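Have the structure open while you read.

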Amino acid sequence: MMCRSVRRRLSDYLDASLPARTLLEIEVHLEHCAGCRREEQALRRVLALTRRFASRTVPVDVTGAVLSQLGTVPAERVRWPMHAAILSATAIAALSLWAVTSTLTDRPQPPVAVAARTLHDQSRDAQALGSDGLILAADIPDLGREGWRR
Amino acid sequence: VIASSFSATDVAAAPRSPTDQYLVLRAKAGDTRAYGELVDRYQDRVYTLVHGMVNNVDDALDLTQNVFLKGYSRLGQFREDAVFYTWIYRIAVNTCIDAARRRRRNPEPYSLDDPQYADNSCEPSSSSVYDDPYRSLINDELGARVRAALSGLSPILRGAFILHDLEGLSQQEVAEVLGCPLGTAKSRIQRARLELRERLRGFVEEPSS
């Protein structure tokens with residue numbers, strides 16, 4: 001292996017994040033090449049120095065400060081991304097349509113259709129009340145484990 | 001549901017050295033002491049990362065506190081299969097980026113009273129054991145050079161270097177925290193090391209024989 005390829009791989013060599021054969025080739029090269037060995041040693045010293053001087057210990061009690069404020073931190077509400085909202089709205093519309101048609105034809109309704117109608121009604125109520133448009137996971141009705149059977 | 005599944009007696013039954021996953025689960029259930037344990041575990045590491053990014057003690061302390069408060073408020077978004085420290089590091093990196101953006105928009109005037117110009121809080125603890133003042137002086141000088149070299153890196157390289165070489169994250173974990181491909185993370189780590197090697201040339205090279 002040439003010096004140039006060895007030096008290009010020295011960082012990965014220090015992390016041992018190269019194939020075993022490449023690691024071995026570099027090791028063999030370093031045994032015989034004083035210049036590349038100096039480079040490798042210099043990089044090792046850089047890491048040792050930064051670990052020694054740049055690692056820090058927090059000088060005050062962060063844990064206490066954080067704990068004293070935890071009671072005042074509200075949990076963030078999950079804002080649905082736009083594409084998820086569009087997909088959900090489409091699914092709800094399709095299921096609602098299906099539920100209406102199945103009611104007209106006197107067929108049994110799957111739990112998912114009932115849930116969709118509930119969610120649709122909640123959404124309409126929220127709009128009427130001037131809600132901020134956020135939907136929480138808790139707002140989604142539990143569909144249960146029972147699958148729909150015709 | 002999770003909250004009701006834990007009771008006060010569970011605290012006594014908790015493992016002696018609970019895993020992060022266990023503590024996160026308890027914290028999600030409203031156990032603030034469990035979250036305090038997580039803060040205790042990671043405060044130095046988060047502080048090292050944040051200080052490396054902002055290079056100012058007061059800002060680093062405020063931001064470190066904010067990182068953990070944000071973490072608590074976002075526990076509901078923490079996935080069961082996630083790793084707490086990569087998750088909290090990601091919040092830390094994003095918090096530092098936001099703070100840097102804010103500072104660019106509203107730059108503060110430089111002041112000689114700024115703690116960064118009189119920052120001695122990060123001296124290695126071993127420094128005090130030196131009886132030889134000359135050696136201690138060299139040690140202080142070397143520390144200052146190393147920190148200056150690190151703060152001279154671009155934030156992108158500095159973040160990758162700190163996460164990998166100071167915090168001990170794998171290259172894959174660095175990529176996850178920084179939200180970049182593995183190859184990009186590897187390249188940033190390598191460039192940071194080589195740049196530091198250049199900046200510290202006089203301190204890390206042995207004279208060639």
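## The interface overall

Keep in mind that this is a predicted model. Chain A brings 36 residues into contact with 45 residues of chain B. The size of an interface is often given as the accessible area lost when the parts come together. Here, chain A and chain B bury about 4,000 Å² between them, and 61% of that sits on carbon and sulfur atoms.

How many salt bridges does the rule find across the interface of chain A and chain B? It finds three. In a salt bridge between Arg51(A) and Asp165(B), the closest N and O atoms are 3.7 Å apart.

On the side of chain A that touches chain B, helix 2, helix 4 (34–54) and helix 5 (62–70) each put in at least two residues. Helix 4 of chain A gives the largest share, with 13 residues. By type, that side of chain A splits into 19 nonpolar, seven polar and ten charged residues.

## Helix 9 of chain B

Now for helix 9 of chain B, which runs over residues 171–178. Its buried residues are Gln171(B), Glu173(B), Val174(B), Ala175(B) and Val177(B). What do they pack against? From chain A there's helix 2 (10–15), and from chain B there are helix 6 (84–105), helix 8 (155–166) and helix 10 (182–199).

How values were computed:
Residues numbered from 1 in each chain as written. Chains lettered and ligands numbered in written order. Predicted model: local features only at pLDDT ≥ 70, side-chain atom pairs only at ≥ 80, totals over all residues. Heavy atoms only, no water. Buried < 20%, exposed > 50% of the residue type's maximum accessible area, 1.4 Å probe, protein only. Helix = DSSP H or I, 4+ residues; strand = E, 2+ residues; numbered from the N terminus. Contact = heavy atoms within 4.5 Å. Buried area = accessible area lost by both parts, 1.4 Å probe. Salt bridge = Lys/Arg side-chain N within 4 Å of Asp/Glu carboxyl O. Nonpolar A, V, L, I, M, F, W, Y, C, P; charged D, E, K, R; others polar.
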